[in-house]
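Here is a short briefing on one protein chain. Please keep the sequence and the model open while reading.

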Amino acid sequence: MKDDKQNFVLFAVIAALILFGWPLIQGKFFPTANPPVTKIEGGKTKAIANPAADPAADGAAAIGDRNAVIASTPRIRIETPRVSGSINLKGARIDDLVLKGYDETVAKNSPPIRLLSPAGAPDAYFASFGWRAQGLTPPAADAVWTSSGATTLTPTTPVTLDATNATGQRFRIQIAVDQDYMFTVRQTVLNAGTAPVPVATYGLVNRVGISKDPSSMTIHVGPMSVDNGGAHYRPNYKDIDEAAQKFTTTGGWLGFTDKYWLTAIIPDQGQAFDGQFRAGANKAYQADYALQPKQVAPGQAITQTSRFFAGAKEVRLLDRYTDQQGVAKLDYAIDWGWFRIVEKPIFYYLDWLFRMIGNFGVAIILLTVTIRGLLFPIAQRQFKSMAAMRAVQPKMKLLQEKYKDDKVRMQQEVMALYKTEGVNPLAGCAPTLLQIPIMYALYKVLMLTIEMRHQPFVAWIKDLSAPDPLTPLNLFGLLPFTPPHMIAIGVVPIILGISMYFQFKLNPTPMDDTQKQVFKLLPWVLMFVMAPFAVGLQVYWITSNCLTIIQQKLLYARHPGLKVPVTK
């Protein structure tokens, strides 16, 4: 009895640590979807002196309203089925881009996602392409380019920008865009001078401030590159403040990834380039690449082609750019992690169900039914093993009493009993162990893939990738206060706790009093633990619990001995 009390106290302490310490663990390893926006304050960034030969962009502080900044420079419109915006002729920058298909929130009048903004506007974020100034005099960063041809960039009408210098070189940038988010940039230099010149193109993407999305051990947000054959989730912004991150490679790309959005500059995949991430003035961060120079003789021209991705990290689209257009590992912009081999099939099956049905919550339920169906034979073996284990419990109790003073002999006799009775104590763990990677994979799918973002289910559930917004603590929003995050348990997590309670009620009654107390408290502890997670994950677990209850009832009918309590 004394040991039971000590065990119960120990469990209570552990449960309290889980309940109150979980928010810290969850924030580091399992960030929730759509967390409150936080301000970036107090971070120190160093202005670095860029060598004249390197690509450089200003990190101008915000000087005014975005619309006023955009209107202050000559521009060419961008209009495609999926994006709109403009190209700044001053500096030849792609610095104004809105994603038509995605809104900032689920509110009816929510504005669309703005990905790029010009220097001098709030949250400046832009791409630029040019030539290194080592042995060549390219147009200045603030030069105003002349446009020719189309007046609007569309998937069928590329635009051409021209400039010259005083030594006879002519510079041309032709920009095209596809139906989605990929820009193709062709940079040409015609040497009309009297001497050879070295020509080396560069590209850069520059952003002021860091992403508002949280980065964690499981979901990378921030600088990223593919180089030397691998996908590298670069150090965080603080590391870049301390020192530039440099690499040399052939093929690959670099840029900045948010949870759902990506900007990536993609040099010619057959050429070697030097890439780097670095910090600049006014909390600006830059990813840039530069090719090695090539000599261009008088009267000759050279054209070098690169690409720029700016848009949503849609799984099928990134796979297509990777597999069909030869962009090395662009699909790795989604941080699938170690369970990629499980997560992508789950995503594709879930996405297929959604396309067939039209409701993502129903698709999750059908996914759960499918998974439980595949695991049903294993579950049957688990219950059979549990029944066999319960059948030998009285014999084990006798051995424990007989050899209570000789632990080694007791273990030997217990193992001999297992062998004689043909019982494997670990056989019952198989379905649970299989569920762990499946649960984690579904968590990653719901958290990572933009296809799940803002998907409604029923009634008040407008976004399955976010936590349940309703809580009875403020009468579902009728009372004018917001409960503390830790106790603001939504309706769906409460249903989850109830389903776990009834599932545990169907389990055989354990002999140990401490185990009884554990099973009584565990559903409610897990309810608090799961509350901050995406509703979609909770829907999966609730459905799984309901199916388990049905399955248990069926299997108890086949193994009635499993329900019979074992007497001490």
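In the protein chain, residues 24 or more positions apart account for 67% of the contacts with a separation of 6 or more. Contact means heavy atoms within 4.5 Å. This is a predicted model: local features need pLDDT of at least 70, side-chain atom pairs count only at pLDDT 80 or more, and totals for chains, interfaces and linings use all residues. Residues are numbered from 1 along each chain as its sequence is written, and side-chain values use heavy atoms, with hydrogens and water left out.

**Overall make-up**

- The secondary structure of the protein chain comes to twelve helices and 20 strands. Helices (H or I, at least four residues) and strands (E, at least two) are DSSP runs, numbered from the N terminus.
- Of the 568 residues in the protein chain, 51% are buried. Buried means under 20% relative accessible area, exposed means over 50%, and partly exposed lies in between (1.4 Å probe, protein chains only).

- Helix H4 spans residues 315-323, and its buried residues are Val315, Leu317, Leu318, Asp319, Tyr321 and Thr322.
- The cover over these buried residues includes strand S9 (182-191), strand S20 (301-312) and helix H5 (340-357).
- H4 and H5 pack at about 125 degrees, with their axes 11 Å apart. Axes are lines fitted to C-alpha atoms, for helices over the stretch in contact, and angles run from 0 to 180 degrees between N-to-C directions.
- H4 is therefore oblique to H5. The classes are roughly parallel (under 35 degrees), roughly antiparallel (over 145), roughly perpendicular (65 to 115) and oblique (the rest).
- On the H4 side, Val315, Arg316 and Asp319 meet Lys344, Phe347, Tyr348, Asp351 and Arg355 of H5.
- The residues of this H4 contact with H5 divide into three nonpolar, no polar and five charged. Ala, Val, Leu, Ile, Met, Phe, Trp, Tyr, Cys and Pro count as nonpolar, Asp, Glu, Lys and Arg as charged, and the others, Gly among them, as polar.

**Aromatic pairs**

- The count comes to 22 aromatic pairs. Rings of Phe, Tyr and Trp (its six-membered ring) pair if their centres lie within 6.5 Å; planes under 30 degrees apart count as stacked, over 60 as edge-to-face and the rest as tilted.
- Phe309 and Tyr321 form an edge-to-face pair, 5.9 Å centre to centre, with 80 degrees between the planes.
- This pair links distant parts of the chain: Phe309 is in strand S20 and Tyr321 in helix H4, twelve residues apart. Both Phe309 and Tyr321 are buried.
- Tyr443 and Phe533 have ring centres 5.6 Å apart and planes at 70 degrees, so this pair is edge-to-face.
- Tyr443 in helix H9 and Phe533 in the loop between helix H11 (513-530) and helix H12 (535-558) are 90 residues apart, and their pair links distant parts of the chain.
- Tyr443 is buried, with a relative accessible area of 4%. Phe533 counts as buried at 7%.
- Tyr237, Phe256, Phe277 and Tyr285 are linked by ring pairs into a cluster.

**Charges over rings**

- The charged end of Arg320 sits over the ring of Tyr321, 5.4 Å from its centre. For this, NZ of Lys or CZ of Arg must be within 6 Å of the ring centre and within 35 degrees of the ring normal.
- The charged end of Arg340 sits over the ring of Tyr332, 3.9 Å from its centre.

- Ala92 is not a glycine, yet its phi is positive, at about 50 degrees. Ala92 lies in the loop between strand S2 (83-88) and strand S3 (93-103). With 5% relative accessibility, Ala92 counts as buried.
- His454, also a residue other than glycine, has a positive phi near 60 degrees. His454 lies in the loop between helix H9 (430-448) and helix H10 (491-506).

**Two partly exposed positions**

- Thr157 lies in strand S7 (residues 157-164). Thr157 is partly exposed, with a relative accessible area of 28%.
- Thr157 touches Ala150 and Thr152, not counting residues up to four places away in sequence. Thr157 and Ala176 are 19 residues apart in sequence and 7.3 Å apart in space, C-alpha to C-alpha.
- Asn236 lies in the loop between strand S13 (230-233) and helix H3 (237-242). Asn236 is partly exposed, with a relative accessible area of 42%.
- Asn236 and Pro223 are 13 residues apart in sequence, and their C-alpha atoms are 7.1 Å apart in space.
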